Amino acid sequence: MKSILLLMGPNLNMLGEREPEIYGSATMQDHIEDAERVANDFGYELVHFQSNNEGDLVNQIQNARGRHIGIIINPGALTHYGWSIHDALVAYEGVIIEMHLSNPNQRESWRHTSVVAPVADGSIIGFGIQGYELSIRAFHQIIENDDK
Ligand code: DQA
């Protein structure tokens, strides 16, 4: 079974408790279960990893080479300055979807830059609880269209 790596960065383990007015009341586990259901419907296995450490995320991206056909990544605040994540993604050959629950472009100016967006096939931002499901659907669309 082909697999997708769902990567989440710092503070996303706090979903449900952390700023619910911005990120909603669903927990990380709720998001994972939603994503898993949709991935399985499309015939993909979903592997999830969350870390508050940049290096752990880099290791996961490196290990994904040749293993997972795609990465859906919400790097949390590392989105805005995590160049080692950018570089690791450049060396990854599969499909990359960047995902954010909120729309960082509507928020503080330091959130307006994404170092991940230039190396992603596409970005899904601002759709809250639907974001992970939409990311899997977008991912599937890309796979269907170009046999990557
Ligand atoms: C986030 C947006 C980031 O700016 C923030 O640092 C996060 C979450 C989102 O999903 O909306 O931790 O990636």
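This is a predicted model: local features need pLDDT of at least 70, side-chain atom pairs count only at pLDDT 80 or more; totals for chains, interfaces and linings use all residues.

Biologist: How many residues line the largest pocket, and how many of them are charged?

Modeller: The largest pocket holds about 180 Å³ of space. Arg18, Tyr23, Gly76, Ala77 and Arg111 lie nearest its centre. Its lining has 5 nonpolar and 7 polar residues.

Biologist: Is Arg107 buried or exposed, and which side chain does its own side chain contact?

Modeller: Arg107 sits in the loop between strand E4 (95-100) and strand E5 (122-125). Its relative accessible area is 16%, under the 20% cut-off, so Arg107 counts as buried. Not counting residues up to four places away in sequence, Arg107 touches Ile22, Tyr23, Ser102 and His112. The polar contact of its side chain, at 2.9 Å, is with the side chain of Tyr23.

Biologist: What should helix H5 span, and how far apart are its end C-alpha atoms?

Modeller: Helix H5 covers residues 131-146, which is 16 residues.

Biologist: Which residues of H5 are buried, and what do they pack against?

Modeller: An α-helix has 3.6 residues a turn, so residues three or four places apart point the same way. In H5 the buried residues are Gly131, Tyr132, Ser135, Ile136, Phe139, His140 and Ile143. They pack against strand E1 (3-8), helix H2 (28-41), strand E2 (45-50), strand E3 (70-74), E4 and E5.

Biologist: Where is Val47, and how far is it from Ile143 in space?

Modeller: Val47 belongs to strand E2 and is partly exposed, because its relative accessible area is 28%. Leaving aside neighbours within four places in sequence, Val47 is in contact with Ile4, Leu5, Leu6 and His68. Val47 and Ile143 are 96 residues apart in sequence, and their C-alpha to C-alpha distance is 17 Å.

Biologist: Last one: which side chain is joined to that of Ser3 by a polar contact?

Modeller: Ser3 is in strand E1 and is buried, since its relative accessible area is 7%. Beyond four places in sequence, Ser3 is in contact with Glu45, Arg67, His68, Ile69 and Gly70. The polar contact is 2.7 Å, and the partner side chain is that of His68.

Key. Residues are numbered from 1 along each chain as its sequence is written. Side-chain values use heavy atoms; hydrogens and water are left out. On a 1 Å grid over the protein atoms alone, a cavity is a set of points where a 1.4 Å probe fits but cannot get out, and a pocket is an open set with protein on both sides within 12 Å along at least five of seven lines; lining residues have an atom within 4 Å of a point. Grid points are joined across faces, edges and corners, and a volume is the space filled by probe spheres set on the points. Ala, Val, Leu, Ile, Met, Phe, Trp, Tyr, Cys and Pro count as nonpolar, Asp, Glu, Lys and Arg as charged, and the others, Gly among them, as polar. Helices (H or I, at least four residues) and strands (E, at least two) are DSSP runs, numbered from the N terminus. Buried means under 20% relative accessible area, exposed over 50%, partly exposed in between (1.4 Å probe, protein chains only). A polar contact is a pair of N or O atoms within 3.5 Å; within protein, one must be able to donate a hydrogen and the other to accept it, and residues adjacent in sequence count only if both atoms are side-chain atoms. Contact means heavy atoms within 4.5 Å. The expected span of a helix is 1.5 Å times one less than its number of residues.
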